[in-house]
Amino acid sequence: MSPCVVIIPAGGSGSRFGGPVPKQFSLLDGVPLLHHTLRIFDAHPRIFKIYPVLSALPEDLGLAWPFSSTRVQPLACAGPTRAQTVLNALQSLQSLHPPDTWVLVHDAARPCLSRAALDRLIQTLQDDPVGGLLAIPLSDTLKRQNDHDCVATTLDRTGLWAAQTPQMFRLGSLLEALRAHPAATDESSALEGMGLEPRLVMGEITNLKVTWPADLILAQAILEVCHAHRSGI
Ligand SMILES: Nc1ccn([C@@H]2O[C@H](COP(=O)(O)OP(=O)(O)OP(=O)(O)O)[C@@H](O)[C@H]2O)c(=O)n1
Ligand SMILES: C[C@](O)(CO)[C@H](O)COP(=O)(O)O
């Protein structure tokens, strides 16, 4: 299998989360949330390089940086949207890695990705012609609202999945897809826009995206349970 590189979009403002610093720098268990996310990949033998994409270099953001500079290489090229951040990163990496390199894009704001889910994604997709993403089948009944906050209709949830990250595609095809679809809210939808069919790989409910303040408490609880489980407590 060709080597995998990871892009971690970490250039958002966290407007829904609020707070004095963007949520990816909020402390989780005493450590910036971004560091938890980076450590998941830094510990994985199939990952060759990890590129967190920030608005500026860590030293210019006043961020402690306990990572090896050869494996975790920050890029200071975040854009105004998540898609633009990922596209900027891909453009700066295209001269460093061949077009068939597998690229895993993972939100900085998802610090609880498990090793099992990451392994499942890589193993399922390593010989896939397109690539794919972690996702989970929807379990709630879905309502569409009307213009006065009442239910207009109940939607059929059959076959509906909630997209997570990482999303894993070849560098060349992802670059082409995001150039053609710069408004995509995830990598998969850009590839879908090219007429391709990304594969759905079972994710985990614990792989939550920290979006609202209460999500940080949930993330803390998930990390504590995982730690207790690993320690046999
Ligand atoms: N211009 C942007 C916007 C988002 N992201 C990153 O994309 C991930 C998912 O985005 P989201 O959770 O929506 O983060 P924010 O855009 O920061 O949040 P909000 O929409 O509440 O402002 C996060 O790791 C975020 O830092 C990014 O790198 N560049
Ligand atoms: C890519 C993503 O994590 C898939 O669920 C999500 O779309 C990113 O969050 P955003 O709020 O759409 O930026």
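Is proline 198 buried or exposed? Proline 198 is buried, because 23 other C-beta atoms lie within 10 Å of its own. A residue counts as buried if 20 or more other C-beta atoms lie within 10 Å of its own, as exposed if 12 or fewer do, and as partly exposed in between, with C-beta atoms placed from the backbone. This is a predicted model, where local features need pLDDT of at least 70 and side-chain atom pairs count only at pLDDT 80 or more, while totals for chains, interfaces and linings use all residues. Residues are numbered from 1 along each chain as its sequence is written, and chains are lettered from A and ligands numbered from 1 in the order in which they are written.

Stay with proline 198 for a moment. It sits in the loop between α6 (187-192) and β10. Leaving aside neighbours within four places in sequence, proline 198 touches Val130, Gly131, Gly132, Leu133, Ser188, Leu191 and Glu192. Contact here means that two C-beta atoms, placed from the backbone, lie within 7 Å. Serine 231 is 33 residues away in sequence, and 36 Å away in space, C-alpha to C-alpha.

Now step back to the whole protein. It has 7 helices and 10 strands. These are DSSP runs, numbered from the N terminus: helices are H or I with at least four residues, strands are E with at least two. The C-alpha trace spans about 55 × 40 × 40 Å along its principal axes. Of the 233 residues, 38% are buried. Among contacts with a separation of 6 or more, 69% join residues 24 or more positions apart.

Next comes the sheet. Six strands form an open sheet in the order β4-β1-β5-β9-β6-β10, with mixed pairing. Its edge strands are β4 and β10 (199-202), each pairing on one side only. Strands pair if DSSP finds at least two bridges between them. Inside the sheet, β6 (residues 131-137) and β9 run antiparallel, joined by 6 bridges. Leucine 133 has glutamine 167 in β9 as its bridge partner.

Another pair is a hairpin. Strands β7 (residues 142-145) and β8 (residues 151-155) run antiparallel, with 4 bridges. Arginine 144 is bridged to threonine 153 in β8. The hairpin has 5 residues between its strands, and aspartate 149 takes a positive phi near 60°.

Which helix is largely enclosed by the rest of the structure? That is α1 (residues 33-42), because 7 of its 10 residues are buried. They are Leu33, Leu34, His35, Thr37, Leu38, Ile40 and Phe41. These buried residues pack against β1 (4-9), β2 (27-28), β3 (31-32), β4 (47-53) and α4 (115-125). Helix α1 lies across β1 and β4, at about 165° to β4. Helix α3 (residues 82-93) lies across β1, β4 and β5 (102-105), at about 140° to β1. Such angles run from 0 to 180 degrees between N-to-C directions, with axes fitted to C-alpha atoms, for helices over the stretch in contact.

Finally, look at the ligands. Around ligand 2 are Arg82, Asp107, Ala163, Gln164, Thr165, Thr185, Asp186 and Lys209. A residue is near a molecule if its C-beta atom, placed from the backbone, lies within 6 Å of it. Strand β9 (residues 161-170) gives the largest share of this shell, 3 residues. Ligand 1 has 22 residues around it, and Pro9, Gly11, Gly12, Ser15 and Arg16 come nearest.
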